[in-house]
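Let's take a walk through this model together. Have the sequence and the 3D view open as you read.

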Amino acid sequence: MLDGTVQSTRSDEVLYHELLIQPAMLRHPDPRDVLIIGGGEGASLREVLAHRNVRSATMVDIDREVVEACHKYLPSWHCGAFDDKRVRVLYMDGRRFIEQDDAQYDIVIIDVVDMLDNGPAQSLYTKQFYELLRRRLRPGFIVAIQGLEFSFNKFHEHAALVRTLRSVFNYADSYSTIIPSFLSSWGFVVASDD
């Protein structure tokens, strides 16, 4: 838990992480360079590295303490992914990283906390962020985003995220599943130009 909210549980983290990562990874014909923004427990990294053609996986997380605790205490989540030679882990704000980075990526995964008012992830849900991110994407790119709660009383947040993505990318498609530990249906979004 972070800030009183469940982030991941042993019982269903695989469901969440496979649905966040695998549709993008399987759809792209050759995902070589992958960027993960967030992903503290290392499970998103684990799912990315299951693809042998990945040559680099960069994970940018703002909270070093969380990542180090997960590396130490949650080995069944990351399955050694932090120690893979293809991995680079950076501890900084994801938006600042995108502003400063000049690398190009085939797949970008946004696996951050919800957009709490004035929270550190709020700037990662804006049109301006996705416009910055677009400059870091190779042709054929796919961006996958944890798409917030998908329940009746919270659907407007998911819909707003999809509208924001469609204002920057040609396509943004959502899908969902029930994540039992989140006590609700959870949304995901993939965005691309193809």
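Is Arg134 buried, partly exposed or exposed? Arg134 is partly exposed, because its relative accessible area is 29% (buried means under 20% relative accessible area, exposed over 50%, partly exposed in between, with a 1.4 Å probe and protein chains only). Before going on, some ground rules: this is a predicted model, where local features need pLDDT of at least 70 and side-chain atom pairs count only at pLDDT 80 or more, while totals for chains, interfaces and linings use all residues. Residues are numbered from 1 along each chain as its sequence is written, and side-chain values use heavy atoms, with hydrogens and water left out.

Back to Arg134. Asp193 forms a salt bridge with Arg134, with 2.3 Å between the closest N and O atoms (a salt bridge is a side-chain nitrogen of Lys or Arg within 4 Å of a carboxyl oxygen of Asp or Glu). This pair links distant parts of the chain: Arg134 sits in helix α6 (residues 127-134) and Asp193 in the segment after β7, 59 residues apart. Helices (H or I, at least four residues) and strands (E, at least two) are DSSP runs, numbered from the N terminus.

Side chains of opposite charge can pair when their charged atoms come close. By the salt-bridge rule, the count here comes to 10. In α3 (residues 64-73), Glu68 and Arg64 lie four residues apart, about one turn of the helix, and their side chains meet in a salt bridge at 3.5 Å, N to O. Glu68 counts as partly exposed at 40% relative accessibility, and Arg64 counts as partly exposed at 43%.

Helix α5 (residues 94-100) has Glu99 and Arg95 separated by about one helical turn, because they are four residues apart. Their side chains also meet in a salt bridge, again 3.5 Å from N to O. Here Glu99 is partly exposed, with a relative accessible area of 44%, but Arg95 is buried, at 18%. Elsewhere, Asp33, Arg55, Asp106 and Arg138 are linked in a network of salt bridges.

Now for the strands. In β5, 10 of the 13 residues are buried, so this strand is largely enclosed by the rest of the structure. Strand β4 (residues 105-111) runs parallel to β5, joined by five bridges (two strands pair if DSSP finds at least two bridges between them). Ile109 has Ala144 in β5 as its bridge partner. β5 and β7 run antiparallel, and five bridges join them; Glu149 is partnered by Trp186 in β7.

Those two strands turn up again at the second largest pocket. α1 (13-27), β5 (137-149), β6 (171-179) and β7 (184-192) each supply at least two residues of its lining. On a 1 Å grid over the protein atoms alone, a pocket is an open set of points where a 1.4 Å probe fits, with protein on both sides within 12 Å along at least five of seven lines; lining residues have an atom within 4 Å of a point. The second largest pocket holds about 200 Å³ of space. Of its 14 lining residues, Arg27, Phe141, Ile142, Ser192 and Asp194 lie nearest the centre.

What about cysteines? The structure holds zero disulfides (a disulfide is a pair of cysteine sulfur atoms within 2.5 Å). Cys70 counts as buried at 11% relative accessibility, whereas Cys79 is exposed, at 53%.

Conventions
Grid points are joined across faces, edges and corners, and a volume is the space filled by probe spheres set on the points.
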